[in-house]
Amino acid sequence: MEKLTKEQFFAHLDTLTMLELSDYIKEFESRYGISAAAAAPVMMAGAAPAAEAAKAEEKTEFTAVLKTVGDKKINVIKVVREVTSLGLKEAKDLVDGAPKALKEGVTKEEGEAIKAKFAEVGAVIELQ
């Protein structure tokens, strides 16, 4: 059996899933009588930013939230009615209750279009 270099060994570890890596750690602990407890926080700290980055990349649906209304409340109500198809009273209640979720499950492009419409009338929309 050919001996692996340290780089090859770690390259292999980089391709493993967390479950597979956990199995490797358990095997090291039982085979060599060592504990990986001290190394676990370091491993998790390194994995957390990568997991968050992957999560952020995967997000395809957003919620448009009306943060602030601005000075042109009537114009904001009109845009709310246009974007959501709410009645006049429901749209007014939504604007009066800001910050409030305006529309859920929108794509990034649709969210940016909504944001632009509200920016024209002085309101602030945030995509979450």
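**View 1. The salt bridge between E82 and K117.** E82 forms a salt bridge with K117, and the closest N and O atoms of the two are 2.9 Å apart. Because E82 belongs to helix α4 and K117 to helix α6, the pair ties together parts that are 35 residues apart in sequence. In this predicted model, K117 is partly exposed, with a relative accessible area of 34%.

**View 2. The packing of helix α4 against helix α6.** Helix α4 (residues 73-84) packs with helix α6 (residues 108-120) at an angle of about 160 degrees, the axes being 9 Å apart, which makes α4 roughly antiparallel to α6. The crossing in which α4 passes α6 is right-handed. On the α4 side the contact is made by V76, V79, V80, E82 and V83, and on the α6 side by I114, K117 and F118; these residues divide into 6 nonpolar, no polar and 2 charged.

**View 3. The salt bridge between D96 and K73.** The side chains of D96 and K73 meet in a salt bridge with an N to O distance of 2.5 Å, and the pair links distant parts of the chain, since D96 is in helix α5 (residues 88-96) and K73 in helix α4, 23 residues apart. D96 counts as partly exposed at 39% relative accessibility, as does K73 at 34%. K73 and D96 are also linked with K92 in a network of salt bridges.

**View 4. The salt bridge between K103 and E110.** K103 forms a salt bridge with E110, in which the closest N and O atoms are 3.1 Å apart. K103 is partly exposed, with a relative accessible area of 27%, and E110 counts as partly exposed at 32% relative accessibility. A search of the whole structure finds 8 salt bridges.

Note on methods: Residues are numbered from 1 along each chain as its sequence is written. This is a predicted model: local features need pLDDT of at least 70, side-chain atom pairs count only at pLDDT 80 or more; totals for chains, interfaces and linings use all residues. Side-chain values use heavy atoms; hydrogens and water are left out. Axes are lines fitted to C-alpha atoms, for helices over the stretch in contact, and angles run from 0 to 180 degrees between N-to-C directions. Helices (H or I, at least four residues) and strands (E, at least two) are DSSP runs, numbered from the N terminus. Angles under 35 degrees count as roughly parallel, over 145 as roughly antiparallel, 65 to 115 as roughly perpendicular and the rest as oblique. A crossing is left-handed if the near helix is turned anticlockwise from the far one by less than a right angle, and right-handed if clockwise. Contact means heavy atoms within 4.5 Å. Ala, Val, Leu, Ile, Met, Phe, Trp, Tyr, Cys and Pro count as nonpolar, Asp, Glu, Lys and Arg as charged, and the others, Gly among them, as polar. A salt bridge is a side-chain nitrogen of Lys or Arg within 4 Å of a carboxyl oxygen of Asp or Glu. Buried means under 20% relative accessible area, exposed over 50%, partly exposed in between (1.4 Å probe, protein chains only).
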